[in-house]
Amino acid sequence: MLLRDEVEMLRRVPIFSRIAPAKLKLLAFTSDRMTYKAGQNLFHQGDVGDAAYVILSGTADIVVDSPAGEIKVADVEPNSIVGEIAILCDVSRTATVRATSPLEVLRISKEHFLKLLSDFPEMAVEIMRVLADRLNHTTAELTAARAAKQPQMAQ
């Protein structure tokens with residue numbers, strides 16, 4: 001794929017949509033394009049957070065380890081970004097991301113990702129929106145799960 005195609009794909013990702021094409025070209029040039037087969041992991045829960053990944057094509061599952069085994073917590077589709085939480089919070093990976101189909105990604109190093117955030121505060125605002133939306137979704141699911149357990153606890 002050509003650099004201009006990668007720039008166009010990056011522009012479809014909400015957090016990059018307002019960044020100038022010249023900066024996106026630099027980002028695409030300094031990032032690594034990677035492919036994964038269905039079943040392969042991009043990274044594992046507990047790994048060092050050294051990069052964020054933009055999903056260019058394909059799908060993946062986000063799974064977390066629990067005492068009851070692995071739990072799928074989300075689906076990932078093209079134009080999504082994963083792995084940014086470990087970079088932003090400077091913590092280890094909070095989940096495993098596993099390809100569910102052939103997957104093509106752009107791997108953005110922690111250094112380049114943080115530089116983009118400092119250069120483009122509007123990107124940081126968009127990331128906050130994405131993370132707030134995820135938190136809202138997670139809160140709703142947790143509330144529903146706890147509400148479903150309440151009748152059992154009362155008995």
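Leaving aside neighbours within four places in sequence, proline 102 is in contact (heavy atoms within 4.5 Å) with Tyr36, Ala38, Ser57, Gly58 and Thr59. The structure is a predicted model, in which local features need pLDDT of at least 70 and side-chain atom pairs count only at pLDDT 80 or more, whereas totals for chains, interfaces and linings use all residues. Residues are numbered from 1 along each chain as its sequence is written, and side-chain values use heavy atoms, with hydrogens and water left out.

Proline 102 belongs to the loop between S7 and strand S8 (103-109); helices (H or I, at least four residues) and strands (E, at least two) are DSSP runs, numbered from the N terminus. With a relative accessibility of 64%, proline 102 counts as exposed, the classes being buried under 20% relative accessible area, exposed over 50% and partly exposed in between (1.4 Å probe, protein chains only). The C-alpha atoms of proline 102 and glutamine 40 are 9.1 Å apart in space, although 62 residues separate the two in sequence.

Strand S7 (residues 96-99) also contains threonine 96. Threonine 96 counts as buried because its relative accessibility is 4%. Its side chain reaches the backbone nitrogen of glutamine 45 at 2.9 Å. When neighbours within four places in sequence are set aside, the contacts of threonine 96 are Asn41, Phe43, His44, Gln45, Asp61, Ile62 and Val63.

At the level of the whole protein chain, 5 helices and 8 strands are present. Their order along the sequence follows the pattern α-α-β-β-β-β-β-β-α-β-β-α-α. The C-alpha atoms fill a box of roughly 65 × 35 × 25 Å, taken along the principal axes. Of the 155 residues in the protein chain, 34% are buried. Among contacts between residues at least 6 apart in sequence, 73% join residues at least 24 apart.

The helix pair H1 (residues 3-11) and H2 (residues 21-30) was examined next. Their axes come within 9 Å and cross at roughly 110 degrees; axes are lines fitted to C-alpha atoms, for helices over the stretch in contact, and angles run from 0 to 180 degrees between N-to-C directions. H1 and H2 are therefore roughly perpendicular to each other, a class that covers 65 to 115 degrees, with angles under 35 degrees roughly parallel, over 145 roughly antiparallel and the rest oblique. The contact is formed by Leu3, Glu6, Val7, Leu10 and Arg11 of H1 with Pro21, Leu24, Lys25, Leu27, Ala28 and Phe29 of H2. The residues of this contact comprise 8 nonpolar, no polar and 3 charged, where Ala, Val, Leu, Ile, Met, Phe, Trp, Tyr, Cys and Pro count as nonpolar, Asp, Glu, Lys and Arg as charged, and the others, Gly among them, as polar.

Backbone torsions were also considered. Most residues other than glycine have a negative phi. Asparagine 79, in the loop between strand S5 (69-76) and strand S6 (81-82), has a positive phi near 75 degrees. With a relative accessibility of 27%, asparagine 79 counts as partly exposed. Aspartate 90, in the loop between helix H3 (84-89) and S7, has a positive phi near 55 degrees. Aspartate 90 counts as exposed, its relative accessibility being 59%.

How values were computed
A polar contact is a pair of N or O atoms within 3.5 Å; within protein, one must be able to donate a hydrogen and the other to accept it, and residues adjacent in sequence count only if both atoms are side-chain atoms.
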